[in-house]
Amino acid sequence: SGYVLPSLTTGVKLQGLNQTLDTDSASGYSLDLGLIWSPRNDYWVSVYTQNFINSGYNWNQSGATDTLPYKLILSTGYKTYWIQTELSTNWDFYKARLEYSPTNELTLTGDYVKSSTDSFSQYSYGVVLDLSSWSLEYKHIVSPDETLNNTQDLLGISYRLGSMFPTYPFK
């Protein structure tokens, strides 16, 4: 059986951001929006906007503000496998992401980013705790550099607004 109107779910994510660079630190916030379409229980497609609304990073010592790039992220998955592509103003990097979910509530994440134009690389690891409509996420990001050790810690809370359309099986 199939569905006349497949399931469409919306989500909102508000993040508090903190970054340390040498002796200076910065903080800010970001709001992300997303849609997930699930025509079947084992297959999905999503569209996700990252940094849709954001404050940028406000640096304590220098008083400068860095903007956060807007990103449109497209992904698809089947059962436990998935593929992700990022579209943004920066087309000069490659990103790989892995996820492992030992339970329905817990997901371990890992990312690797490599620049195609210079020696920049970045890796991160994190954990997501999924509690019904709410989820909590922690991510630690490391950008090793020859002179600085740049690290970021992100703590996010998400709330799924629910299905926009009910699903109906074929009769």
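Buried means under 20% relative accessible area, exposed means over 50%, and partly exposed lies in between (1.4 Å probe, protein chains only). This is a predicted model, in which local features need pLDDT of at least 70, side-chain atom pairs count only at pLDDT 80 or more, and totals for chains, interfaces and linings use all residues. Residues are numbered from 1 along each chain as its sequence is written, and side-chain values use heavy atoms, with hydrogens and water left out.

**View 1. Leu14 in strand 1.** Leu14 counts as partly exposed because its relative accessibility is 47%. Leu14 belongs to strand 1, residues 7-21. Strands are DSSP runs of E, at least two residues long, and helices are runs of H or I of at least four, numbered from the N terminus.

**View 2. The strands of the chain.** The chain has twelve strands and zero helices. Buried residues make up 30% of its 171 residues.

View 3. Leu33 sits in strand 2, residues 24-40. Its relative accessible area is 29%, so Leu33 is partly exposed. Beyond neighbours within four places in sequence, Leu33 is in contact (heavy atoms within 4.5 Å) with Gly11, Val12, Val47, Tyr48, Thr49 and Phe52. Leu33 and Val47 are 14 residues apart along the chain, and their C-alpha atoms are separated by 8.6 Å.
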